[in-house]
Amino acid sequence: MVPRHAGGAARTALTVLGALALTGLPVATAAEPPAPGPSSAQTLGADRPSAAVLRAMQRDLRLTGPQAKARLVNEAEAGTRAGRLQNVLGKHFAGAWVHGTTSAGLTVATTDAAGVAAIKADGAQAKVVKNALKDLNTAKAKLDAAAVGKALDTPVRYVDVRTNRVTVQATSRAAADKLVAAAGIDRRLVDVKVSADRPRALHDVRGGDAYYIDEKARCSVGFSVTKGEQQGFASAGHCGKAGARTTGFNKVAQGTFEASVFPGQDMSWVSVNSEWTATPAVKGEGDTNVQVAGSVQALVGAAICRSGSTTGWHCGTIEQHDTTVSYAEGDINGVTRTTVCAEPGDSGGSYLSGTQAQGVTSGGSGDCKAGGVTFHQPINPLLTTYGLTLKTATGQSGTPAPEDGRTVGWTTGRVYEVGTRVTYDGVSYQCLQTHQAQGVWQPRLTPALWQRL
């Protein structure tokens, strides 16, 4: 089933504005309705999934072929609707997630009952909750600060928008209680999940096409990138330090780590020599290529697939964004927690939702026989940190411009977050989904990503 507003971005936007007028919430006025454009699914390539992604989704999520296709389309459309409602609800926004076999359901949470009409007007289910997302993020930040250097007994911390609470995964309830007390936050904000699992960085071998570091370790290419005219790829930070040399899967001299962060975050990028060409492909099943079209961040509950050299293609769902996980080497902040399985050797590999790059494998627990949990370093912060441009099948040009405030001029290569306002051809737009701007994704042509104000 496809959401009833799929493909009707302009119509839905007008419906939401009407609902807001009734609720008394602030409304951004527009001189004229947004120009019609491609649906969210068409913009993001969700209506044209690769066979490799569909096969893995059918196997791991137990879907039929039509269900897998419908899910990708529904999730693309839901992302636009959720972004639009996040901008409308402002400080009252408490999270959004998709649900159902084909992700036909979208729930948006708010702390203000006055926003319910607007949520329902956009075809979503409304949930009135006590805690705003910004307040839960603040509580999690306090937990992270209290856990620095002593978190192996409370190794995972995240905001769960579906429960409207902060979750602490701990080896014992006593360890969790001690951390909550040290953080000085309201215990009623916290759920405790007791588990013996201790996530670890997956050091041995890595997902996707293999590469070797200083002839000692092996990792995997995450996603191809460029920086100006220089080609290269993104990977995990624990794969190597700045200055380390790499050889490719064929043991041919390849490149150099230009920058690397681990712990704190788990990101790096490698510049390659003229013998190597960056492509927008990710290795799928049977050496098939899955083409990357962009980096639009998927919602909680969305399907996500991973390429790894140890276990191949596996799929699962996104559980939480902005998670903190503690490895033996230290805390890693801002990773995404998923139900995709992984094993040592899959680290550094690519995570995709449909055709959209999500991140590179960091670590996890469990395995692909009994099931497990994995964490990936999101790709958009990595691109921003190092000033990189994701290599995509749609193509783009330009070097990412520096951020200069909440109101900026639109430019390719820059990562925009939900709520950011830009001007393009003298018209103001507001971002609906976090993504790196592609040359073909101009605001006036992509109502899936931008709302005209």
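In which loop is the place of Glu215? In this predicted model, Glu215 is found in the loop between β8 (210-213) and β9 (217-220). The phi angle of Glu215 is near 60 degrees, a positive value in a residue other than glycine. Most residues other than glycine have a negative phi. The relative accessibility of Glu215 is 76%, and this residue therefore counts as exposed, the cut-off for that class being over 50%.

A positive phi is also found at Asn164, where the angle is near 60 degrees although the residue is not glycine. Asn164 belongs to the loop between β4 (156-160) and β5 (165-170). With a relative accessibility of 7%, Asn164 counts as buried, because that class is defined by a value under 20%.

A further backbone feature concerns a peptide bond. Phe262 and Pro263 are joined by a cis peptide bond, with omega at about -5 degrees. Most peptide bonds, by contrast, are trans. Pro263 is situated in the loop that runs between β13 (253-261) and β14 (267-272).

Two or more lining residues are given by each of several elements, namely the helices α4 (65-89), α6 (133-147) and α8 (379-386), together with the strands β1 (93-99), β18 (312-327), β19 (330-338) and β25 (415-416). The largest share of this lining comes from α4, which supplies 5 residues. By class, the lining of the largest pocket comprises 18 polar, 15 nonpolar and 4 charged residues.

The second largest pocket has a volume of about 460 Å³. The residues that line this second pocket number 23, and those closest to its centre are Asp209, Val221, Ser224, Thr279 and Ala281. At least two lining residues are supplied by each of the strands β10 (223-227), β11 (230-235) and β15 (281-283). Among the elements, β15 gives the most to this lining, with 3 residues. The lining of the second largest pocket divides into 10 nonpolar, 10 polar and 3 charged residues.

Key. Residues numbered from 1 in each chain as written. Predicted model: local features only at pLDDT ≥ 70, side-chain atom pairs only at ≥ 80, totals over all residues. Heavy atoms only, no water. Helix = DSSP H or I, 4+ residues; strand = E, 2+ residues; numbered from the N terminus. Nonpolar A, V, L, I, M, F, W, Y, C, P; charged D, E, K, R; others polar. 1 Å grid on protein atoms, 1.4 Å probe; cavity = no way out; pocket = protein on both sides within 12 Å on 5 of 7 lines; lining within 4 Å. Points joined across faces, edges and corners; volume = space filled by probe spheres on them. Buried < 20%, exposed > 50% of the residue type's maximum accessible area, 1.4 Å probe, protein only.
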